[in-house]
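Please give me a short briefing on this structure. Keep the sentences brisk and group the points by topic.

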Amino acid sequence: MRLLSLLLILLGYTAIGQTIATDRPSALTENATSLYKNGIQLESGFLIELDSGKTQSISAPNLLLRYGLTDKTELRLMNDVLINEGNVELGVWTIGTKIQLYESDKMNLSVLSSTPLPIVNGEMGSLLEQPINAKVIGNYVVSNANSVGYTVGYTINQNEIGYSLFLSHNFSDNISSFIELYGFNDQLNIDAGFAYMVQDKLQFDAYFGTGLNNKMTFASVGLSYLYLK
C-alpha cells in the first residue's frame, strides 16, 4: 500500500486514508479519479497571464468547488474573480461533472464534461449555444515515484481540440513535481511546478508556464482543502 501513498498528489489516486487529491497544479491535466463520496473539496489560487510581457488577465482568486455525489461521480462548480486593466468583475459560472470509468493500482480513467452557464443580463440563455467541453483523463503508474497523465478533449461550438501529456515525480510522501506539455489546436505550451501536502487534507502548490509557439506566459499559486463528513 506504500505505492499508493506516494501517488496522492497531482495524479489523484484514491488512498485508504482519504488524503487530498487535487486537480491542481497544472494548466490542463486534472487527476483521473473522482472525489470521495460526500466529500467537498475547494481548490483555489492566484493566476496571472501575460502576452508579449503585457498583463492580459489576473484571476484572484480562481475557484473550483468539487462535490462527491457517488463513489465514481463528482459535481463541479467553477468561477474566477477577474482583474483586467483595473476592472474587477466576476467571471462566468461553469458547471461540470467527472465520472470515473476505470480504477486500479496501475491505471485510472475518467471523463470530464463542463459548460458555462449562459447568464445574460440576469437571465438564463440556451445551454445548447454554449461551448461544451468533454475530455478523457487518464494516468498510469510507471514506478514508485513516477507517473504519466494525459488528456484528450473537444469543445463543441468552438471546434477546439485540447490535449496534454503530464509527467510527475514524487520526491517524498509530501512533495511532488511535474512537467506538462499541452495545447489547443495548433497552439502548444509547456508548464511545470510542484505540490506540497501541508496536512492530509490541505495542499499548497505553484506552477508557471510559457507558450512554445506563442508569446503567452503565466504563473499560479494555490491552496486546496478537502472536507469529509
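The structure holds 6 aromatic pairs. Here, rings of Phe, Tyr and Trp (its six-membered ring) pair if their centres lie within 6.5 Å; planes under 30 degrees apart count as stacked, over 60 as edge-to-face and the rest as tilted. This is a predicted model: local features need pLDDT of at least 70, side-chain atom pairs count only at pLDDT 80 or more, and totals for chains, interfaces and linings use all residues. Residues are numbered from 1 along each chain as its sequence is written, and side-chain values use heavy atoms, with hydrogens and water left out.

**Aromatic pairs**

- Tyr182 and Phe218 form an edge-to-face pair, 6.5 Å centre to centre with 65 degrees between the planes.
- This pair links distant parts of the chain, 36 residues apart: Tyr182 is in strand 12 (residues 175-184) and Phe218 in strand 15 (residues 216-227).
- Strands (E, at least two residues) and helices (H or I, at least four) are DSSP runs, numbered from the N terminus.
- Both Tyr182 and Phe218 are buried.
- Buried means under 20% relative accessible area, exposed means over 50%, and partly exposed lies in between (1.4 Å probe, protein chains only).
- Ring pairs join Phe166, Phe178, Tyr182, Phe184, Tyr207 and Phe218 into a cluster.

**Salt bridges**

- There are 9 salt bridges in the structure.
- A salt bridge is a side-chain nitrogen of Lys or Arg within 4 Å of a carboxyl oxygen of Asp or Glu.
- Side chains of opposite charge can pair when their charged atoms come close.
- One of the bridges joins Asp205 and Arg24, whose closest N and O atoms are 2.8 Å apart.
- Asp205 lies in strand 14 and Arg24 in the loop between helix 1 (2-5) and strand 1 (40-51), so this pair ties together parts that are 181 residues apart in sequence.
- Asp205 and Arg24 are both buried.
- Another salt bridge connects Lys135 and Glu30, at 2.8 Å from N to O.
- Lys135 is in strand 9 (residues 132-141) and Glu30 in the loop between helix 1 and strand 1, so the pair ties together parts that are 105 residues apart in sequence.
- Lys135 and Glu30 are buried as well.
- Arg76 and Glu74 also meet through their side chains in a salt bridge (2.7 Å, N to O), and both residues are buried.
- A network of salt bridges links Asp23, Glu43, Arg66, Glu74, Arg76 and Lys98.

- Gln203 lies in strand 14 (residues 202-211).
- Gln203 counts as buried because its relative accessibility is 0%.
- The side chains of Gln203 and Thr22 are joined by a polar contact of 3.0 Å.
- A polar contact is a pair of N or O atoms within 3.5 Å; within protein, one must be able to donate a hydrogen and the other to accept it, and residues adjacent in sequence count only if both atoms are side-chain atoms.
- The C-alpha atoms of Gln203 and Ser224 are 5.2 Å apart, and these residues are 21 apart along the chain.

**The largest pocket**

- The largest pocket has a volume of about 1600 Å³.
- On a 1 Å grid over the protein atoms alone, a pocket is an open set of points where a 1.4 Å probe fits, with protein on both sides within 12 Å along at least five of seven lines; lining residues have an atom within 4 Å of a point.
- Grid points are joined across faces, edges and corners, and a volume is the space filled by probe spheres set on the points.
- The lining has 49 residues, and Ala27, Leu28, Met78, Asp80 and Phe184 lie nearest the pocket's centre.
- Strand 2 (residues 54-68) gives the most to this lining, with 6 residues.
- The lining divides into 22 nonpolar, 18 polar and 9 charged residues.
- Ala, Val, Leu, Ile, Met, Phe, Trp, Tyr, Cys and Pro count as nonpolar, Asp, Glu, Lys and Arg as charged, and the others, Gly among them, as polar.

**Backbone details**

- Most residues other than glycine have a negative phi, and most peptide bonds are trans.
- The peptide bond from Arg24 to Pro25 is cis, with omega near -10 degrees.
- Pro25 sits in the loop between helix 1 and strand 1.
- Ala60 and Pro61 are joined by a cis peptide bond with omega about 0 degrees, and Pro61 lies in strand 2.
- Asn38 is not a glycine, yet has a positive phi of about 70 degrees.
- Asn38 is in the loop between helix 1 and strand 1 and is partly exposed, with a relative accessible area of 30%.
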